[in-house]
Every structure is written in structure tokens, then in C-alpha cells.
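Open the model in your viewer and keep the selection panel at hand. The tour goes stop by stop: select, look, move on.

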Amino acid sequence: MWSRTIIVCVSIFLISACGGGRTVPATQGKPMSEVRAKESPAIQQLRAQADKGNVEAQFALAQAYDRGRDVPIDKVEAVRWYMRAAEQGDAFSQYLLGNNSWNGTGMPRSEQEAVRWWQRAAAQGFAPAQSSLGRALVTGGQGVLPDKAQAYLWLALSAGQGDQEADQQRATLVKQLPPDQLAQAKRLVKEWKPVRSRAVLSRNAP
């Protein structure tokens, strides 16, 4: 199976060649069958791969709908394809679903659901999700209990990958955590290991 870099690059090339990679306005209530009938060959090829379960194609198609690249902007359709990729273990899609859920874009707003998706992506070592999850756990939210020790864990892991904002927030937490909780949080950081997703396993399979 193609790597993300290859399929995204090929998708961008095909869309640029066939449709100029143009930004297309939202569907404004048009039937999806009508919209699909006008799709460029590049999008049709991408959709065919996505329908077969290709994670990279699903992500690329979601991005196309999310940004309006050679298809009308459709946040609901973007979420649908992010969801299919995320359910196969794609960390980037899981992270973006968390963002969409937190903001109520293309899906119902739910801070609890956002944290759930960020947790799945963070567990795989995806730094942006680790940072978002850490920040959410500092204060908590609707249906989300604050947990500063866990917040420290995720912020520290994201900071370890170069996220300076996460590192600043981690440093702030150091001053807020009691010594025993800080020691526990640091121990969690040392013992943490990323989860290997099914999507990665399928890409590496012979």
C-alpha cells in the first residue's frame, strides 16, 4: 500500500493536472449524486481507492472536501472520510476529528468526544494530539474531568517532539503539581510507549 507522502503527492499532482487544484464553493444543498457526476477524473480515482479502504486515499479525499480542493467544500463529507480513516487507526485523521468535534465542525460539538479522538491519536505518538489533549486535561471541560498529572504526561511528550508551546505549558504545570504527583507524572513519561495502529501494520504488511 502506498505511503501517505506518495499518495498525497500523486493526488495533488492529479488534481492540479485535471482541475487546477481549484477551490470549489460549498454544495449549498445540492444532491451528492449531482455533485459527484461533475467530479474530476482525479477525484474519481481517489474516491475509488478510498471506497476500497485505502487509508491514505480516505485521508486525502477528506482533505479535499475539507479545503474545497477540486470538490465543493463539504465539512460533513470531510468528517465522514476522516472517520473511515480514523477507524482504521490513522492518527492524523483521529486528531482532526478531535478538532472538528471540539469546534462542532461537520459533526456535533462534544468536548468529551474530542478528547476521545485526541487520546487515540496521542497514544500513537502524534504530537499535535498530545498537545491538544494535554491542554484539555489541564482545566477539563464539558464531560471531561481535569487531570493535571495526565496533562503533564501528554504535554511533556509533545514537547519532547519540539512543541515549544506544549513545553511552556508543561513548565507551568511543574509549579502547580504537588511533589508526589509531579514525580508520578515524570514516571509516566519515562514508562510511556506508543501504540502501533492497525493502519501502520497494514501499510507495512508484505
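## Stop 1: what covers helix α8

The cover over the buried residues of α8 includes α6 (91–103), α7, α9 and α10 (164–176). Keep in mind that this is a predicted model. Now select α8 itself, residues 127–139. Its buried residues are Ala 127, Ala 129, Gln 130, Ser 131, Ser 132, Leu 133, Gly 134, Ala 136 and Leu 137. Step just past the end of α8 to Gly 140, where phi is positive, at about 75 degrees.

## Stop 2: Ser 131

Stay in helix α8 and pick Ser 131. Is Ser 131 buried or exposed? Its relative accessibility is 4%, so Ser 131 counts as buried. Show its contacts, leaving out neighbours within four places in sequence. Ser 131 then touches Trp 154, Leu 155, Ser 158, Asp 163 and Ala 166.

## Stop 3

Widen the view to the largest nonpolar core, which has 46 residues. Leu 61, Tyr 82, Leu 97, Trp 118, Leu 133, Tyr 152 and Trp 154 touch the most other members. Helix α9 (residues 148–159) contributes the most to this core, with nine residues. In soluble globular proteins, nonpolar side chains tend to be buried together.

## Stop 4: α9 against α11

The crossing of α9 past α11 is right-handed. On the α9 side, the contact uses Ala 149, Gln 150, Tyr 152, Leu 153, Ala 156 and Leu 157. On the α11 side, select Leu 182, Ala 185, Lys 186, Leu 188 and Val 189.

## Stop 5: α3 against α5

Now pick helix α3 (residues 41–51) together with α5. The α5 range to select is 75–87. The axes of α3 and α5 come within 11 Å and cross at roughly 40 degrees. α3 and α5 are therefore oblique to each other. α3 passes α5 in a left-handed crossing. Show side chains at the meeting point. From α3 come Arg 47, Ala 50 and Asp 51. From α5 come Glu 77, Arg 80, Trp 81 and Arg 84.

## Stop 6: Asp 70

Go to the loop between α4 (55–67) and α5, and select Asp 70. What is the phi of Asp 70? Phi is near 70 degrees, a positive value in a residue other than glycine. Most residues other than glycine have a negative phi. Asp 70 counts as buried because its relative accessibility is 5%, and the cut-off for buried is under 20%.

## Stop 7: Leu 96

Select Leu 96 in helix α6. At 15% relative accessibility, Leu 96 counts as buried. Setting aside residues up to four places away in sequence, Leu 96 touches Phe 59, Gln 63 and Tyr 82. Draw a distance from Leu 96 to Ala 114. They are 18 residues apart along the chain, and their C-alpha atoms are separated by 9.1 Å.

## Stop 8: Gln 119

Move to helix α7 (residues 111–123) and pick Gln 119. How does Gln 119 count, at 39% relative accessibility? Gln 119 counts as partly exposed. Draw one more distance, from Gln 119 to Gly 98. The C-alpha atoms are 8.9 Å apart, across 21 residues of sequence.

## Last stop: the whole chain

Zoom out and color by secondary structure. The chain has twelve helices and zero strands. Of its 206 residues, 44% count as buried. Take the contacts between residues at least 6 apart in sequence: 58% of them join residues at least 24 apart.

Methods. Residues are numbered from 1 along each chain as its sequence is written. This is a predicted model: local features need pLDDT of at least 70, side-chain atom pairs count only at pLDDT 80 or more; totals for chains, interfaces and linings use all residues. Side-chain values use heavy atoms; hydrogens and water are left out. A nonpolar core is a set of buried Ala, Val, Leu, Ile, Met, Phe, Trp, Tyr and Cys residues joined through side-chain atoms within 4.5 Å. Buried means under 20% relative accessible area, exposed over 50%, partly exposed in between (1.4 Å probe, protein chains only). Helices (H or I, at least four residues) and strands (E, at least two) are DSSP runs, numbered from the N terminus. Contact means heavy atoms within 4.5 Å. A crossing is left-handed if the near helix is turned anticlockwise from the far one by less than a right angle, and right-handed if clockwise. Axes are lines fitted to C-alpha atoms, for helices over the stretch in contact, and angles run from 0 to 180 degrees between N-to-C directions. Angles under 35 degrees count as roughly parallel, over 145 as roughly antiparallel, 65 to 115 as roughly perpendicular and the rest as oblique.
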